[in-house]
Amino acid sequence: MPGDNVRERRHRSVLPFEAAPAEVRLLRRAAAAQLWQWGVPQAVEEAELVVTELATNVIKHVGEGTSATLILEWDSGLLRVEMHDKSPSVPTLSGAGCNDECGRGLHLLAALSVGWGTVLTAVGKSVWCEIALGSERACRRAERAAAALRGYRPADGTAQESRLRDAVLKESAVELIADLLHWTAARGLDPEDLLDRAQMHYEAEADVAA
């Protein structure tokens, strides 16, 4: 029965930690290890970014050394990440300036997730976000790629309107990938490693969506 399949795929992990810079790296590793154990490695990179941001915000805005708890919950097509702390202060999403670290962090959560929010608890609050997996994740990636291509201007300055045809968008994709490879090489990284990792992510997500 469909309901039985959903129950079989629900997993939950509770990771208490102390809000300290040295603990963030360990918490990120623990979260990644848990996702690999659950068989969802395609979510590791985004989850690590989210965990890092949420844990860092606890350090900055609740206080270093305070107790907090990270909860990961995988239920079918969604990975839910919750950060529980002892402060009732609720973060708000607003226009983030160059020096507004918290604002930038919330914009990052919004960009990486399909939804996020804050819930007041008996002892403080929980900040949560949900990361799409499977077919939902593939659709979200395709939408982001389409948006990037529509706004992408190559060095020849071709007008955006003329680039919306499918054939031209295909060439834009090639140009964009080539520029990313140049950007990677210019920073001393390995372009082939970048392509291999991208291919691994694509194949892993395609397998989940199948």
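The model is a predicted one, where local features need pLDDT of at least 70, side-chain atom pairs count only at pLDDT 80 or more, and totals for chains, interfaces and linings use all residues. Residues are numbered from 1 along each chain as its sequence is written, and side-chain values use heavy atoms, with hydrogens and water left out.

**Fold and core**

Let's start with the layout. The protein chain has 7 helices and 5 strands, where helices (H or I, at least four residues) and strands (E, at least two) are DSSP runs numbered from the N terminus. Read from the N terminus on, the order of elements is α-β-α-α-β-β-α-β-β-α-α-α. Of its 210 residues, 33% count as buried; buried means under 20% relative accessible area, exposed means over 50%, and partly exposed is in between (1.4 Å probe, protein chains only).

What sits in the largest nonpolar core? It has 33 residues, and the ones that touch the most other members are Leu27, Leu35, Val50, Leu70, Leu79, Val81 and Met83. Such a core is a set of buried Ala, Val, Leu, Ile, Met, Phe, Trp, Tyr and Cys residues joined through side-chain atoms within 4.5 Å. Two or more residues each come from E1, helix H2 (21–38), H3, E2, E3, helix H4 (101–112) and E5. Helix H3 gives the largest share of this core, 8 residues.

**Salt bridges**

A search of the whole structure turns up 5 salt bridges, each being a side-chain nitrogen of Lys or Arg within 4 Å of a carboxyl oxygen of Asp or Glu. Here are three of them.

| Pair | N to O distance |
|---|---|
| Glu73 and Arg12 | 3.6 Å |
| Glu45 and Arg197 | 2.4 Å |
| Arg80 and Glu130 | 3.2 Å |

Glu73 and Arg12 form a salt bridge. This pair links distant parts of the chain, with Glu73 in strand E2 (residues 67–75) and Arg12 in strand E1 (residues 10–18), 61 residues apart. Glu73 is partly exposed, at 22% relative accessible area.

The side chains of Glu45 and Arg197 also meet in a salt bridge. This pair again links distant parts of the chain: Glu45 is in helix H3 (residues 44–61) and Arg197 in helix H7, 152 residues apart. Glu45 is partly exposed at 35%, and Arg197 is partly exposed at 42%.

Arg80 forms a salt bridge with Glu130. Arg80 lies in strand E3 (residues 78–85) and Glu130 in strand E5 (residues 125–132), 50 residues apart, which makes this another link between distant parts of the chain.

**Surface spots**

Which residues form a negative surface patch? Asp190, Glu192, Asp193 and Asp196 do. Patches take residues with over 30% relative accessible area and no salt bridge, joining like charges within 9 Å and nonpolar side chains (Val, Leu, Ile, Met, Phe, Trp, Tyr) within 5 Å. Asp190 sits in the loop between helix H6 (166–186) and helix H7 (191–209). Its relative accessible area is 43%, so Asp190 counts as partly exposed.

Is Ala122 buried or exposed? At 86% relative accessibility, Ala122 is exposed. Ala122 is found in the loop between strand E4 (115–120) and E5. Its C-alpha is 9.2 Å from that of Pro88, and the two residues are 34 apart in sequence.

Finally, Thr69 belongs to strand E2 and is partly exposed at 21% relative accessibility.

Conventions. Areas by Shrake-Rupley, 256 points an atom, 1.4 Å probe, with all protein chains shown as cover. Lys, Arg positive; Asp, Glu negative; His and termini not counted. Charge placed at Lys NZ, Arg CZ, Asp CG, Glu CD.
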